[in-house]
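Biologist: Before we use any of these labels, I would like to hear what stands behind each one. Please take me through them.

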Protein chains: 2
Amino acid sequence: AERTQAEELPILPPEITRERFNEAVAELRKDIGEKNVELNDKPLIDGWYMEHPNTHDAFHIMEQDDTVSSATVYPGSTEEVQTVVRWANKYLIPIYPISMGRNLGYGGAAPRIRGAVVLDLGRRMDKVLKIDPDNCSCLVEPGVSYFALYEAVQATGYPLWIDTPDLGGGSVLGNAVDRGVGYTPYGDHFGCHCGMEVVLPTGEVVRTGMGALPGKNGEDNPCWQSFQYGYGPYSDGIFTQSNFGIVTKMGFWLMPATDHTSYMITFRDEDQYPEIMSTIRPLAINKVLGNVPQLRHVIQELAVTGKPKSYFYDGPGQIPREVIRKWAKEMPCGDCSWVFYGTVYGPDEFRRGQLEIIRREFGKIDGSRLMLPEELPEDHYLHSRVAVCSGVPVLRELDWLQWLPNGAHLFFAPIAPTSGEDVKRLFELCRKRHEEYGIDLFPTLCVASRESHVIVNLVYDRSSKESKAKAYNCLRAMIADAAAEGYGEYRTHILFSDQVAGTYNWNNNALMRMNEALKDALDPNGILAPGKNGIWPKRFRGKGWEI
Amino acid sequence: AERTQAEELPILPPEITRERFNEAVAELRKDIGEKNVELNDKPLIDGWYMEHPNTHDAFHIMEQDDTVSSATVYPGSTEEVQTVVRWANKYLIPIYPISMGRNLGYGGAAPRIRGAVVLDLGRRMDKVLKIDPDNCSCLVEPGVSYFALYEAVQATGYPLWIDTPDLGGGSVLGNAVDRGVGYTPYGDHFGCHCGMEVVLPTGEVVRTGMGALPGKNGEDNPCWQSFQYGYGPYSDGIFTQSNFGIVTKMGFWLMPATDHTSYMITFRDEDQYPEIMSTIRPLAINKVLGNVPQLRHVIQELAVTGKPKSYFYDGPGQIPREVIRKWAKEMPCGDCSWVFYGTVYGPDEFRRGQLEIIRREFGKIDGSRLMLPEELPEDHYLHSRVAVCSGVPVLRELDWLQWLPNGAHLFFAPIAPTSGEDVKRLFELCRKRHEEYGIDLFPTLCVASRESHVIVNLVYDRSSKESKAKAYNCLRAMIADAAAEGYGEYRTHILFSDQVAGTYNWNNNALMRMNEALKDALDPNGILAPGKNGIWPKRFRGKGWEI
Ligand SMILES: Cc1cc2nc3c(=O)[nH]c(=O)nc-3n(C[C@H](O)[C@H](O)[C@H](O)COP(=O)(O)OP(=O)(O)OC[C@H]3O[C@@H](n4cnc5c(N)ncnc54)[C@H](O)[C@@H]3O)c2cc1C
Ligand SMILES: Cc1cc2nc3c(=O)[nH]c(=O)nc-3n(C[C@H](O)[C@H](O)[C@H](O)COP(=O)(O)OP(=O)(O)OC[C@H]3O[C@@H](n4cnc5c(N)ncnc54)[C@H](O)[C@@H]3O)c2cc1C
């Protein structure tokens, strides 16, 4: 991969001379060690998931070097994070914290502002600080991946589960501050966290919840991972999806291990999903569906095999419905339209009871069929769900990338009530825009208690300007269409955050104006991740940075 | 009840002349209606729970008129709340919002600053705005009590439960913004809320979560009560236990009705509670204990009968253990030391299974005994637990007030890990201080998943300076003792908030300094509830207001 523009490297942060920048870098190297500050002046390498770059977005949706950093800094402790923050304030250099930078589909490791300094917390701050078998909780640093936490828990021998997203290489902490989701009953990662340590944009460190009360003899508070709220304003939420602080430690609840059975249900007709949704909703609210189950379109049965689209179809534009049908017929799912992946938990008898209700209720939908893992071949995707839904991290979902050459993802992730009518409206607009741009539609519904995270996976070819432009424009259009109907995204790619934040505009953008007031109070120099989640500090606000 | 000091009435807010105050009141009356602004210039009446005053703390722990307002204002809409807020900014008059003012034990309706204007939201803003049977949720105004919400849900006929605290007369919204607790599986009131509308101290209105995205055709967002977090910083938490905003609407999740069985388990020996705690902890984390059960000392079996202490004992000081024993022997609980009240939920078979585990595990504790409602007389307190634990509001807990003449409560409410060792340390310090001050010790443990809210109920005689002083000093001492051991309160009386906030002082009070920065950004004139939860705005900070 080559640079698209002939620019002097590294790309500088805004409003700073190269001389001053070099002076700043020299000072920082003195403060935290030569090898802990790397200039981004070498060729950009997209790598792959497990060897992802922290120099730019490996899944670039614009030019490869469009959202590129000037340097990467590797602090080794909370104190060193403070040092970097004070340094940023001194030189007015924007810094962009990542835990591991595997935020693929949402911007990867890239800073929102070109030339910002990436603060890679994970490389050196990667300790599991505590695993408490009685409280069923842990305390981790930013560099602990799901794989690493899983291993650490296994090593203790305690019967505890972690909760993992579809890919296990991300940061437990980083994913939670972006309010990501997993698939066991502890799938709401922010909801299941307990306690934070945060370096504020001024360089101060705070501990939230009970952590703010010192334990005896300088120990951590004994309830830091027991009680989320503490006393006074409960502030943890403002450090998620924001640029108000850098989280350096975070507590999580671990689930007591339990027996579990995953299953898959196929539904025959394309237009049955409203009926499927009405069946899901009461079961979800009543917790008969014990976790965060997924409803996927049958096209995804093809994609998760890891075979490229060209294997199934080599015509132009969208893969036709009949072609999907032809292939599905030969696969375990058979000729169906939707596939539901769920899991029940608990002792045998309890699971049997829950499964009975699930069989009965979904059985009312004409042509539906429930399958258990033992009825499916060993390499079937359901076995990967068995792992993920019992907290075992995997990488299976990466197989999707094969769909197109140089495959990359971009996510459209609106929230919908788990209701047929609402999901229908959302799906229809997705269908229309995907047709318009000739992109295959991969819709997944992640069902929580009272809503579904609709995750539409736009796969594009990174090496093709045209493919990128289509995905980019399709996403822009869907965000606008959805907002017009009253639906909003739970999370988005850094380049779409202004647009998405702009849809949350009730009462003349009152919420954003409040966020800006908080931003200016906490980050008067505007050094922390300017523009992240659409929040621009005073220094940058209204100066043409918004896109 | 008479005024203790001969002062001109109403008591004025700080730093304003009577002339200017009168001018301000006249203006406000013009703006929101003559009858909606009442001066606090008549004798103070403590009333009783259902006819509680909004002029002062009905459970005054210092002088009756020590925390007294200058006036009470009754806005009828969000717009009128905005009007009052702008008015307060114009005249620099501190306002103190209450929903219903039944925050008894924590300050009642009283403002933290003498002479502040109480904003009684509940009297006119008392509508249940929505009950959604599919999403199992509701949207309420501040004046909706648990009784009122219960009635409203019953009237719809939908099989839905509300969750109620021990007393049903409080505000659903007010209790949740103070992060109160109830006793069904939806007992974490903040955790089970979804979406807020908040008037900021500058007079702006924001909607949080999905509410910030306008619905179609000017409707509310369809996911406002479905998804808590929305996009960007999740800010709801900073409007709880704070003085950052006035909540005018709030959404709550309702639980689908289910079958349930409450039970009571008695334990023989005083010193068995560490064993009891170790039994409770895994059951709570594994959700075998399906709700927020309570563990109480046997003395409370006497108190909940509603009979005065003098009926049981007329000596001075604490009621002796042998006297409690004598009475307990004649009561259904028998000669025991601790009583555990729990409930299991779900279909018959499931409940039977859970109860079996509960019987087995607690059965390992020597001398324990499990009783079901049908084994107890009709007027036994367990029947009141049956109601509360299935979301039916009651007033039974008021019977405690009879313990002393002119009985009032003050709460000590620290958080403890559900562990024998921790609870022991807390109980010991309570015991020591209660003995020192000659106060009967009423400890209750409200068990959540990974911690217990320890609620120690200090009952005192409002008419006795001595009784008040003892309770006051006992609480001050326990807060300090607990903090020295690393334990902190989840909530406290307004007069103790400086002390409690001061115990959350990790890293040189970093959290409070952050809260002050937020306060000054959101409330530059410092008009909203100065001093609440220990947060003083710039105008008042460090000027001797802290106590
Ligand atoms: C095929 C595929 C499947 C996926 N499935 C899922 C899924 O099931 N669930 C899911 O949630 N995601 C999913 N993702 C998205 C993403 O891969 C994960 O969310 C991943 O965990 C995020 O990367 P990370 O953990 O390394 O976080 P990071 O990239 O380190 O951080 C994520 C975000 O949080 C901010 N941040 C990180 N650390 C801090 C900190 N310490 N302080 C302040 N801010 C910080 C960063 O600025 C960044 O915006 C998927 C992606 C792909 C490509
Ligand atoms: C015997 C007894 C038993 C009790 N049991 C329980 C129990 O089981 N659980 C429990 O939680 N409590 C309990 N309490 C305490 C208290 O009675 C309840 O919490 C009650 O619900 C609080 O009163 P309220 O709802 O009228 O709230 P309010 O007094 O209206 O408000 C409570 C607090 O929140 C603030 N506030 C209120 N409304 C707003 C708003 N709209 N915007 C911003 N701030 C606002 C107020 O300033 C106040 O500090 C008990 C008290 C007694 C005496």
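Modeller: Between chain B and chain A about 7,000 Å² is buried, and carbon and sulfur atoms give 64% of that area. Buried area is the accessible area (1.4 Å probe) that two parts lose on being put together, summed over both. In chain B, Tyr231(B), Arg450(B) and Trp506(B) lose the most area to chain A, together 14% of what that side buries. This is a predicted model, in which local features need pLDDT of at least 70 and side-chain atom pairs pLDDT 80 or more, while totals for chains, interfaces and linings use all residues. Side-chain values use heavy atoms, without hydrogens and water, residues are numbered from 1 along each chain as its sequence is written, and chains are lettered from A.

Biologist: How many residues of chain B are in contact with chain A?

Modeller: 87 residues of chain B are in contact with 87 residues of chain A, where contact means heavy atoms within 4.5 Å.

Biologist: What makes Glu485(A) and Lys216(B) a salt bridge?

Modeller: The term requires a side-chain nitrogen of Lys or Arg within 4 Å of a carboxyl oxygen of Asp or Glu. The closest N and O atoms of Glu485(A) and Lys216(B) are 3.2 Å apart, so the pair qualifies. The count between chain B and chain A is four salt bridges.

Biologist: Why are α1(B) and α2(B) called roughly antiparallel?

Modeller: Helix α1 (residues 18-32) and helix α2 (residues 78-91) of chain B pack at about 160°, with their axes 11 Å apart. Angles over 145 degrees count as roughly antiparallel, and therefore α1(B) is roughly antiparallel to α2(B). Their residues in contact divide into seven nonpolar, one polar and six charged. Trp87(B) and Lys90(B) are among those of α2(B) that meet α1(B).

Biologist: How do you know that α5(B) and α9(B) are roughly antiparallel?

Modeller: Helix α5 (residues 273-285) and helix α9 (residues 348-363) of chain B pack at about 150°, their axes being 10 Å apart. By that cut-off they are therefore roughly antiparallel to each other. This contact has five nonpolar residues, one polar and one charged.

Biologist: What is the peptide bond from Leu9(A) to Pro10(A), cis or trans?

Modeller: The bond from Leu9(A) to Pro10(A) is cis, with omega near -10°. A cis bond also joins Leu9(B) and Pro10(B), with omega about -10°. Most peptide bonds are trans.

Biologist: Where is Lys287(B) found?

Modeller: Lys287(B) is in the loop between α5 and β13 (294-297) of chain B. Lys287(B) has a positive phi of about 60° although it is not a glycine.

Definitions and conventions: Axes fitted to C-alpha atoms, helices over the stretch in contact; angles between N-to-C directions. Helix = DSSP H or I, 4+ residues; strand = E, 2+ residues; numbered from the N terminus. Parallel < 35°, antiparallel > 145°, perpendicular 65-115°, else oblique. Nonpolar A, V, L, I, M, F, W, Y, C, P; charged D, E, K, R; others polar.
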